[in-house]
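I opened this model to learn how it is put together. These are my notes, in the order I looked things up.

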Amino acid sequence: MIDILKGVNLYLIGMMGVGKTTVGKLIAQEIGYRFVDTDEVIVKAAGKSINEIFAEHGEAEFRKLEGDVLAQVCAYTKLVVATGGGIVMQQQNWSYLHHGLIIWLDAPIEIILQRLATDDTRPLLQDADMESKLRSLLEQRQPMYSQADLHITINATETPEDIATRILATIPSILKQQ
């Protein structure tokens, strides 16, 4: 796999709750890459939680920080990067993402809802109707997600290990096409 990737970064995109961080860590471990979660970098850099950034400065400021972090991250190689769900909505972020292989983790809304049911750390889901908010976000983002190099549809019975294995098995065929 290392020979095939030649140090190219892997960028995991998709909705919150699809497992980008969990699967990303497994992939990084498997191929000897370092793992970066852009949300974790933002929290460390800002010294505040994502909820606090949203509350104090708004989504626009968070998106700016997110773009700044991505710009810095793409200067490195041999990384698996879990991105925030909305990173694809800023056009300039695509220029950074295209430095690597973009992998869309796509899970049905029902799975995401189940995973996020008790998660109060997602500022965009502080909504009475979480399901319709998620559906609305997915509808906005789906055209951007679909530009990924690799589309992985997740089902309820798959473990993170299964998903990581499937991604690693599929990468060679994607790289040969490019």
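**Ground rules.** The model is predicted, so I noted that local features need pLDDT of at least 70 and side-chain atom pairs count only at pLDDT 80 or more, while totals for chains, interfaces and linings use all residues. Residues are numbered from 1 along each chain as its sequence is written, and side-chain values use heavy atoms, with hydrogens and water left out.

I looked up the strand order first. An open sheet is formed by 5 strands in the order 2-3-1-4-5, with parallel pairing. Strands (E, at least two residues) and helices (H or I, at least four) are DSSP runs, numbered from the N terminus. Two strands pair if DSSP finds at least two bridges between them. Strand 2 (34–37) and strand 5 (150–153) are at the edges with a single partner strand each, so one side of each has no neighbour in the sheet. From one strand to the next the twist averages 20 degrees; axes are lines fitted to C-alpha atoms, for helices over the stretch in contact, and angles run from 0 to 180 degrees between N-to-C directions.

**Strand pairs.** I then went through the bridges.
- Strand 1 (residues 10–13) is joined to strand 4 (residues 101–106) by 4 bridges, and I13 stands opposite W104 there.
- Strand 1 is joined to strand 3 by 3 bridges, also running parallel, and Y11 has V81 as its bridge partner.
- Strand 2 pairs with strand 3 over 4 bridges, with D37 opposite A82.

Which way do the side chains of strand 3 point? L79 and V81 point one way, V80 and A82 the other, and all are buried. Buried means under 20% relative accessible area, exposed over 50%, and partly exposed in between (1.4 Å probe, protein chains only).

**Helix 4.** I checked the ends of this helix. Helix 4 has 24 residues, yet its end C-alpha atoms are only 19 Å apart, against the 34 Å that a straight helix would reach at 1.5 Å a residue. The expected span is 1.5 Å times one less than the number of residues. I found a kink of about 120 degrees, centred on H57. The bend at a residue is the angle between axes fitted to the seven residues ending there and the seven starting there. The buried residues of helix 4 include F54, F62, G67 and L70. Their cover includes strand 1, strand 2, helix 3, strand 3, helix 5 and helix 7.

**Helix 7.** Helix 7 (residues 130–145) bends by about 35 degrees at E139, and P143, a proline, follows within four residues. Among its buried residues are L134, L137, L138 and M144. Helix 4 (50–73), helix 5 and helix 6 (109–116) are among the elements that cover the buried residues of helix 7.

I ended with W94, which lies in helix 5 (residues 91–97). Is W94 buried or exposed? W94 counts as buried because its relative accessibility is 2%. Leaving aside neighbours within four places in sequence, W94 is in contact (heavy atoms within 4.5 Å) with I13, V88, I102, M144 and Q147. N93 is found in helix 5 too and is buried, at 0% relative accessible area. With the neighbours within four places in sequence left aside, N93 is in contact with G67, L70 and I87.
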